[in-house]
Amino acid sequence: MASTVQTKTDLAHQCCIQPSCGATYDIGQVRTSCDACGSLLDILYDWESLPVPKSLAEFEAKWSRRHEPLSFSGVWRFRDLLPFAPPEKIVTIGEGQTLLHASDGVARFVGVSAGKLHLQYEGMNPSGSFKDNGMSAAFSHAHMIGARRAACASTGNTSASLALYCGVSKLMQAIIFIGSGKISYGKLSQALDYGALTIQIAGDFDDAMHRVQQVSQKEGIYLVNSVNPFRLEGQKTIMFRVLEALRWQVPDWIVVPGGNLGNSSAFGKAFHELHELGLVDRLPRLAVINAAGADTLYQLYEKRGLRWNGGRSDAALVNNYYAELDDAHRRASTIASAIEINRPVNLSKCLRALEWMNGVVREVTDEQMLDAKAQVGAHGLGCEPASAASVAGAKMLREEGVIEPGERVVCILTGHQLKDPTATVAYH
Ligand SMILES: *Cc1c(COP(=O)(O)O)cnc(C)c1O
Ligand SMILES: [Zn+2]
């Protein structure tokens, strides 16, 4: 059950995302869903009583204080926009030192004008993927409430990230559930090297996710998968850094691979909040790209018309779809192991983000992803297969005319080139 500790502020709380429910919970509680209705939770803030910057450019003042760990961190220099943790409880290892690269070579491949295609290379994080943005936030919350053990199910990068934060801080023991044979050696080797207890279970990620939720509930272990609402607070900062790199100008498109749909959900919340706070005047459009072998979101959103619909989305559509998957014994299958997920835990939040950001969803084949990955590599950045779904998806949307040649497009490169060298060598 949820453990409660006294938190010294009531300026942040957990809130059910379902507008017709709206139940709230203290941030001292550990929970991944609403007791009243089972929906996912958001972290919401009492902005009126908090020191919110008047413009995003105010964050630039933090650059002159880079000797302070919280101003150096690419997550925590934006802490005014995720103010749930007292500074002394924040655990940072210098995550989020990532850069936005304009790539004219990749722009040509995608089909947009020179200068318009940007790659946000999250592979530069300490454990080599964007997961560190969210892990720093969830880990800080775990530390706030005094957790001693933290667990996740992982296709590889969440486990590498959790294991790293545990290894550096020695605050918690990491317990990791992976599906059998479903993890690249680059990622598995990180978890082992950082000293995590690594448990392989018979089955795939969806099975591992189910198991870890049961076990952590039963044993009172802190769960750091992206059902954890604090993780998504950290992942909002990827968007803040994109804006920072564009000198606070909003791009036209954010294109991101979709797996468990944590990133897309966090990006939606980031822009929704910035807009509510009057810090941006418009929202970019969102494109979420599935692998064709793990395309639940694509099928539901584009083929069956599932929408958030202000919180009144059609649950039967989802349940029927999952029943069909089960009847056909269909399992997720793609070379992009980081997005090899058929039951994305953040589906409802992602639908909400798609509504807020006038989003689209596409699916790309393994071949399209690997071709795009080779282009990213050839132009000097490199990424893992799943990351290249963003570039392959942008190219597809450009060919369809959904993205215009003159629009500013930001593709998120979610993981480092060296995460999965086997796929790269096999391709070449
Ligand atoms: C986790 C991960 C994804 C999927 O992100 P979601 O937030 O689960 O949709 C994509 N690419 C890489 C490299 C990842 O590690
Ligand atoms: Zn609820």
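**Reading the model**

Tutor: Lysine 170 is exposed, its relative accessible area being 63%. Buried means under 20% relative accessible area, exposed over 50%, and partly exposed in between, with a 1.4 Å probe and protein chains only. This is a predicted model: local features need pLDDT of at least 70, side-chain atom pairs count only at pLDDT 80 or more, and totals for chains, interfaces and linings use all residues. Residues are numbered from 1 along each chain as its sequence is written, chains are lettered from A and ligands numbered from 1 in the order in which they are written, and side-chain values use heavy atoms, with hydrogens and water left out.

Student: Where does lysine 170 lie?

Tutor: Helices (H or I, at least four residues) and strands (E, at least two) are DSSP runs, numbered from the N terminus. Lysine 170 is in the loop between helix H4 (157–169) and strand E7 (173–179).

Student: What is the phi of lysine 170?

Tutor: Most residues other than glycine have a negative phi. Lysine 170 is not a glycine, yet its phi is positive, about 55°. Tryptophan 248 is not a glycine either and has a positive phi of about 70°. Its place is the loop between helix H7 (229–245) and strand E10 (253–257).

Student: Is tryptophan 248 buried or exposed?

Tutor: Tryptophan 248 counts as buried, at 17% relative accessibility. Alanine 57 is 191 residues from tryptophan 248 in sequence, but the two C-alpha atoms are 7.0 Å apart in space. Alanine 57 belongs to the loop between strand E3 (41–45) and helix H1 (69–72). With 35% relative accessibility, alanine 57 counts as partly exposed.

Student: Now the sheets. In what order do the four strands of the open sheet stand?

Tutor: Strands of a sheet pair through backbone hydrogen bonds, either parallel or antiparallel. Here two strands are taken to pair if DSSP finds at least two bridges between them. The order is E8-E7-E6-E9, and the pairing is parallel. Strand E8 (197–201) and strand E9 (222–223) are at the edges, each with a single partner strand, so one side of each has no neighbour in the sheet.

Student: How many bridges join E6 to E7, and how many join E6 to E9?

Tutor: E6 and E7 are parallel and are joined by six bridges. Strand E6 (residues 149–154) is joined to E9 by two bridges, also in parallel. In that pairing, alanine 150 has tyrosine 222 of E9 as its bridge partner.

Student: How covered is E6?

Tutor: E6 is largely enclosed by the rest of the structure, because five of its six residues are buried. Alanine 153 lies in this strand, and its relative accessible area is 0%, so it is buried. Opposite alanine 153 stands phenylalanine 177 in E7. The C-alpha atoms of alanine 153 and isoleucine 176 are 5.9 Å apart, although 23 residues separate them along the chain.

Student: Which residues cover the two faces of E10?

Tutor: Trp253, Val255 and Pro257 are on one side, Ile254 and Val256 on the other, and all are buried. E10 pairs with E11 in the parallel sense over five bridges, and tryptophan 253 has arginine 285 of E11 as its bridge partner. Strand E11 (residues 285–291) is in turn joined to E12 by five bridges, again parallel. There, valine 288 is partnered by valine 361 in E12. Strand E12 (residues 360–364) has four of its five residues buried.

Student: What about a helix that is mostly covered?

Tutor: Helix H13 (residues 389–399) has eight of its eleven residues buried, among them Ala389, Val391 and Leu397. Just after H13, glycine 401 has a positive phi of about 85°.

Student: Finally, which residues come nearest to ligand 1?

Tutor: A residue is near a molecule if one of its heavy atoms lies within 4 Å of it. There are 17 residues around ligand 1, and Lys131, Asn157, Gly259, Asn260 and Thr414 come nearest.

Student: Which backbone atoms lie close to an oxygen atom of ligand 1?

Tutor: A polar contact is a pair of N or O atoms within 3.5 Å. A backbone N or O atom of leucine 261 is 2.8 Å from an oxygen atom of ligand 1, and a backbone N or O atom of asparagine 263 is also 2.8 Å from one. For a polar backbone atom of glycine 262, the distance to an oxygen atom of ligand 1 is 3.1 Å.

Conventions. Polar contact = N/O pair within 3.5 Å; in protein donor to acceptor, adjacent residues only side chain to side chain.
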